[in-house]
Amino acid sequence: MRTRLRGFGRTLVRAWRHRRARWPKRVALVLAVLLVVPLVTAAVALRAAYAGDLADGTRTRGKDAIWLGHAWVDGRKTDADLDAFARQIRGTGLRDLYVHAGPLEHDGTLPAGLHPRADWLIEGVHRRLPGVRVQAWLGDKLATETPDGLRLERPASRAAVVRSAAQILDVGFDGVHFDLEPLPSDDRDYLSLLDDLRALTKARHVPLSVAAHQIDPLPALHSVAGTLTGHPKWWSQAFFAQVARRVDQIAVMSYDTALPLESLYGGYVAQQTSLALEVMPAGTDLLMGLPFYHTEELGHHAHAETAAAAIRGIRLGLGRTDRDRERFGVALYVDFAATPGDWAAYRDGWGCAAGEC
């Protein structure tokens, strides 16, 4: 086998050196340059975005949030768990808890039996942590890549989602947080749904919050990537602004970037923070996501996508773009995967509430 491999290798070398290979070699070189140069340029730009000093005042504003798993409302958590959680977040900037209370059915309805202990959680949080809001986290997979999922183009499905929001607010939640994905940029049906949801939450005097895709790091990248891969990874900056104008809070899912190094990931988060801040309406809270999980897969490298790198990137982007913005925070994803190191990075890097540290 080794002899045959060596013979095959020598054949390839001879073919590469042959004068007839001159044009194929030139084509291969051009293709390599076209692929490598943009990647190197992007890496240099992200590394540069991660450099620099952190500006004074780029600390918590007391408007942070955390996504909590379903165990908090289905009976698996106890008073002891809630006591420990209250100790964990007391004195930090955490104000909102996005508690998984779904998922929605593909027709937009919400089964009533999914959150039997919601009232226990809401009452327990209010008693232990005055001022902290418990929002219902609802979501579903959209039928944008496969036939299976929620179809926002159907008026009946959108109406059912609004009824589900009213249903969950009747339980006593302090607001509702939606995560519907994968969601292509410029989806008019999604904007229509948000208009209807905002009418409901405004009448109930509670916040409407959404999880948002990342913003195009390059012009029209969402369109190019969507065409090539069929996966809506990014939103245009203009669409992000349209969504932000329709909600009270928007939390950017600034993770799952596939970047291999902390410095590149941190620079990317700095860029994302600036892109979001550039188009944020004055009356909406912007939250940038922090990865509090450690899975290793193609889209997420835990050694690179760290909470510490994200916090530094967020502070750099905030300091460069809108340092004095008060309606700003971070959102921690997710409680059940968080480590003591993640919590330490949040407290040390982003800080605690005024006078608490």
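**Exercise 1. Find how many of the eight residues of helix H8 are buried, and say why the helix counts as largely enclosed.**

Solution. Step 1: Six of the eight residues of H8 (residues 237–244) are buried, so the rest of the structure largely encloses this helix. Buried means under 20% relative accessible area, exposed over 50%, and partly exposed in between (1.4 Å probe, protein chains only). Helices (H or I, at least four residues) and strands (E, at least two) are DSSP runs, numbered from the N terminus.

Step 1: Name the residues. They are Phe239, Phe240, Ala241, Gln242, Val243 and Ala244.

Step 2: Know the source. This is a predicted model: local features need pLDDT of at least 70, side-chain atom pairs count only at pLDDT 80 or more, and totals for chains, interfaces and linings use all residues. Residues are numbered from 1 along each chain as its sequence is written, and side-chain values use heavy atoms, with hydrogens and water left out.

**Exercise 2. Describe the whole protein chain.**

Solution. Step 1: Count the elements. The chain has 11 helices and 10 strands.

Step 1: Check burial. Of its 357 residues, 52% count as buried.

Step 2: Look at contacts (heavy atoms within 4.5 Å). Among those between residues at least 6 apart in sequence, 81% join residues at least 24 apart.

**Exercise 3. Work out which face of helix H11 is buried and which residues are exposed on the other side.**

Solution. Step 1: List the buried residues of H11 (residues 340–350). They are Asp342, Trp343, Ala345, Tyr346, Gly349 and Trp350.

Step 1: Look down the axis. The buried residues fall within an arc of 160°, so they line one face of H11. The arc is that of the directions from the helix axis to the C-beta atoms. An α-helix has 3.6 residues a turn, so residues three or four places apart point the same way.

Step 2: Turn to the face away from the buried side. It carries the exposed residues Pro340 and Asp348.

Step 3: Find the cover. It includes strands E1 (64–68), E2 (94–100), E9 (285–291) and E10 (328–333), along with helices H3 (79–89) and H10 (307–321).

Step 4: Go past the end. Gly351 follows H11, and its phi is positive, near 100°.

**Exercise 4. Describe how H5 and H6 pack.**

Solution. Step 1: Take the geometry. H5 (residues 155–171) and H6 (residues 188–204) pack at an angle of about 25°, with axes 10 Å apart. Axes are lines fitted to C-alpha atoms, for helices over the stretch in contact, and angles run from 0 to 180 degrees between N-to-C directions.

Step 1: Classify the angle. H5 is therefore roughly parallel to H6. Angles under 35 degrees count as roughly parallel, over 145 as roughly antiparallel, 65 to 115 as roughly perpendicular and the rest as oblique.

Step 2: Name the contact. On H5, the residues include Val161, Val162 and Leu169; on H6, they include Leu193, Leu197 and Leu200.

Step 3: Sort the contact residues. Eight are nonpolar, two polar and five charged. Ala, Val, Leu, Ile, Met, Phe, Trp, Tyr, Cys and Pro count as nonpolar, Asp, Glu, Lys and Arg as charged, and the others, Gly among them, as polar.
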